[in-house]
Protein chains: 2
Amino acid sequence: MSRTAPLIIDALQIPTPERRWFEEWKAGGVGCVHATMAIWEGAEETFSYIGRYKRVLEENADLVAQAATADDIERIAASGRTAVVFGFQNTAPVEHDIELFRSFRDLGVRIMQLTYNLQNYIGCGYWEANDSGISSRFGRKAIEEMNRLGILIDLSHCGERTTLEAIELSARPVSITHANPREYVGSPTFGAGRLKTTEAIKALARRGGVLGLSPNRNMIKHGTDTTLEQFCDMVAWVVERIGIDAVGIGTDYCAGHPPTVRNWWRYARWSRETAPAAQMKIAPHEGWQAWFRSPADFPNITAGLLRHGFAEAEVAMLMGGNFLRLFRESFGDAAAAPRPAAAAS
Amino acid sequence: MSRTAPLIIDALQIPTPERRWFEEWKAGGVGCVHATMAIWEGAEETFSYIGRYKRVLEENADLVAQAATADDIERIAASGRTAVVFGFQNTAPVEHDIELFRSFRDLGVRIMQLTYNLQNYIGCGYWEANDSGISSRFGRKAIEEMNRLGILIDLSHCGERTTLEAIELSARPVSITHANPREYVGSPTFGAGRLKTTEAIKALARRGGVLGLSPNRNMIKHGTDTTLEQFCDMVAWVVERIGIDAVGIGTDYCAGHPPTVRNWWRYARWSRETAPAAQMKIAPHEGWQAWFRSPADFPNITAGLLRHGFAEAEVAMLMGGNFLRLFRESFGDAAAAPRPAAAAS
């Protein structure tokens, strides 16, 4: 890595707590990863998993450290390690309990996606046929509480109405850490519903939010055939519409999870169905493009964006600067939030 | 009690597991009570509470026994005791797990209200400003599963749209175990939303369901000033509209719970608010009319309905016959449901 390599932030990964993924981050010069701690799990399972994840991070302190603030991220990245920001892809861990936001926040959970794919106490995921938005009493209270505590709201898997209403209701900027633009991509494997409308990403940017774009085969225009140049073209398309300061990268890279776990993400226990066989066959390192086989290939994206014609300062914003700015505004002490104990060693 | 006294079924009570309430049932000649096992509690707490409740029933086997079928109810009532049918006032105990319906059913939980006052994974309660109905994937699966397993759906606290859609979606008759008619009562303490529209109760009856009417001060026309004659007038008003075979009694009698618990029913942990002071001041035996100070006064209702002009056979239907018929159709072996072990001793 050259001295001028930009800070790289991957705004969404779901890595099992294993050293081999931390080594990939090191190889790719990744300064920060927002790592998923829960999808459908309730409070008890999630508190347990966070404990386990922290232990594994400490066992690999030469490569990684937990970050709770933007300053933590900068310091950890400057030391040549990867800062790990904890987050949820669902508010299931909070169950129906307004006080749990605080306990998770104090353990370092700084980002929460309001819903995974389905309706919950707060709103609706993209996979519901009907999205009733943020219409519940608890939903509105939850957004207020996340704003108050400095928990960044993520809307990546939310339905359109839930996305638009959450952007409107939140007093602080929100994020879409990992989703591509529907108008540009069309209907990929995950279906168009998983992608974000131009209206939504424009509203996000107007309120100071950041959109993380993903090379994930299931939500990119040409699937695994997508070239790096085509990926960069999508980045440019989005930048033209919502501005250079509202775009980042969120790979949605899921490392180490067997097909049974990916089936769990789809169907959990709310159904007895199983995922389509084709989807189940995706092994952890299959299905990604040659220019992004793993996070070790992040420098390819940096180089691709420079080749595409973005200026060096612009590439720095896209690769991590914008998310760092959003994290600084979101995790900050506006609510006098104490830093989690033992985070950021 | 005379030999010809009708079988009395109270379609909804929330009694703490204590002998003193069982003695009231005995004094009132109550043959069956549908008793609430959960309001906001999740799976673990509810499984524990069911175990505790069964133990207490067994310790008071001279007065009570658990019932899992209509035959159980008839046999237990004929022995001079009260049959206790387990139910939930929310699907919170099922969490987001389709398999949990079976485990609760096999422990004797025969009735489940789809929602308490708020939105959950299945639908919306009456206290939401916006009721999105049964629009979630899990909601539809849950109704199918309850139909399959022989778990009677209860819609008492559900919002209007959730109520109407559940009546339509359910392949088997459903119940409203404890709610009064909105058109007749107007806007009582609980607010008009807690009451049922004429459209909803007519749809319920058309599909073979039964509505349990309540003397609860918070949802009756003249509050604690309501006379027995006025209560019977409400019964007659409803019978005229939905038929003599679709009406029963569900008192909503909550015995033994301190104000802190009633506050929990209202706000649980989804809010930091507390119930209005006035509501908190209602002690267990306060606030009920002189003709129904407790379930020991059930014979007053029987006598009142006879005085009002209902025939003896009609009174028998209203006091328990209709709910017994619905329970027989609903708990039955249509789905080859095994009887819970150890129920109905």
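This is a predicted model: local features need pLDDT of at least 70, side-chain atom pairs count only at pLDDT 80 or more; totals for chains, interfaces and linings use all residues.
A quick word on conventions: local features need pLDDT of at least 70, side-chain atom pairs count only at pLDDT 80 or more, and totals for chains, interfaces and linings use all residues. Residues are numbered from 1 along each chain as its sequence is written, while chains are lettered from A and ligands numbered from 1 in the order in which they are written.

Chain A has 13 helices and nine strands (DSSP runs numbered from the N terminus, H or I with at least four residues for helices, E with at least two for strands). Its C-alpha trace spans about 50 × 45 × 40 Å along the principal axes.

The same surface serves both, since 100% of the contact residues of chain A recur in chain B. In the interface, 25 residues of chain A are in contact with 25 residues of chain B (C-beta atoms, placed from the backbone, within 7 Å). On the chain A side, these are eight nonpolar, nine polar and eight charged residues (Ala, Val, Leu, Ile, Met, Phe, Trp, Tyr, Cys and Pro are nonpolar, Asp, Glu, Lys and Arg charged, and the others, Gly among them, polar).

Within chain A, helix H9 (residues 228-242) and helix H12 (residues 298-308) have axes that come within 9 Å and cross at roughly 65° (lines fitted to C-alpha atoms over the stretch in contact, with angles from 0 to 180 degrees between N-to-C directions). H9(A) and H12(A) are therefore roughly perpendicular (65 to 115 degrees; under 35 is roughly parallel, over 145 roughly antiparallel, the rest oblique). Residues meeting here include Phe231(A) and Val235(A) of H9(A) and Leu305(A) of H12(A). By class, this contact of H9(A) with H12(A) has six nonpolar, three polar and one charged residues.

H12(A) also packs against helix H13 (residues 312-331) of chain A, with axes within 10 Å and a crossing of roughly 140°. That makes H12(A) oblique to H13(A).

Methods:
Two residues are in contact if their C-beta atoms, placed from the backbone, lie within 7 Å.
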